[in-house]
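Open the model in your viewer and keep the selection tool ready.

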Amino acid sequence: MKKDNIFMNIIQKKVKTDILYQDELVTAFYDLSPKAPVHVLIVPNILIPTVNHATTHDEMILGRLFIVAAKIAEKKNIHSSGYRLIVNCNDHAGQEIYHLHMHLLGGEPLGPLLQK
């Protein structure tokens, strides 16, 4: 599995982007192809390719994703109106970058989760 990807380059500040939040465990930044008025990606600072690769050693990181999502939702003033958190796993779910990441979407009614 490739250890270098766009997310690692953002985390390591090799690629310039507006980082909304960064600590020792996770980094959050705007999605380059937003699907909602607020579309933020929250990623672990270490490479965990998919949810299937997460272990009990990653529990603190995985929990931090949710804590940071709530903080950003409050900062963006969408915490009361509502927001959606999405984690895709593998091809059928639409995972494009194999570095586990959480999408935080909001700022407008998002409609049904899945449409057929």
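Contact here means heavy atoms within 4.5 Å. Helices (H or I, at least four residues) and strands (E, at least two) are DSSP runs, numbered from the N terminus. This is a predicted model: local features need pLDDT of at least 70, side-chain atom pairs count only at pLDDT 80 or more, and totals for chains, interfaces and linings use all residues. Residues are numbered from 1 along each chain as its sequence is written, and side-chain values use heavy atoms, without hydrogens and water.

**Select residues 59-75.** This is helix α2, with 17 residues. Next, pick out I61, R64, L65, V68, A69, I72 and A73 within α2. They are buried, meaning under 20% relative accessible area with a 1.4 Å probe, protein chains only. What covers them? The cover includes β1 (19-22), β2 (26-30), β3 (38-44), β4 (83-86) and β5 (102-106). Now step past the helix to N77, which follows α2 and has a positive phi, near 60 degrees.

**Select T27.** It sits in strand β2. Is T27 buried or exposed? T27 is buried, with a relative accessible area of 0%. Show its neighbours: T27 touches I11, I19, Y21, Q22, L41, I42, V43 and N45, leaving out residues up to four places away in sequence.

**Zoom out.** The protein has two helices and five strands. Along the sequence they run α-β-β-β-α-β-β. The C-alpha atoms fill a box of roughly 35 × 35 × 30 Å, taken along the principal axes. Colour by burial: buried residues make up 37% of the 116 residues.

Technical notes: Expected span 1.5 Å × (residues − 1). Buried < 20%, exposed > 50% of the residue type's maximum accessible area, 1.4 Å probe, protein only.
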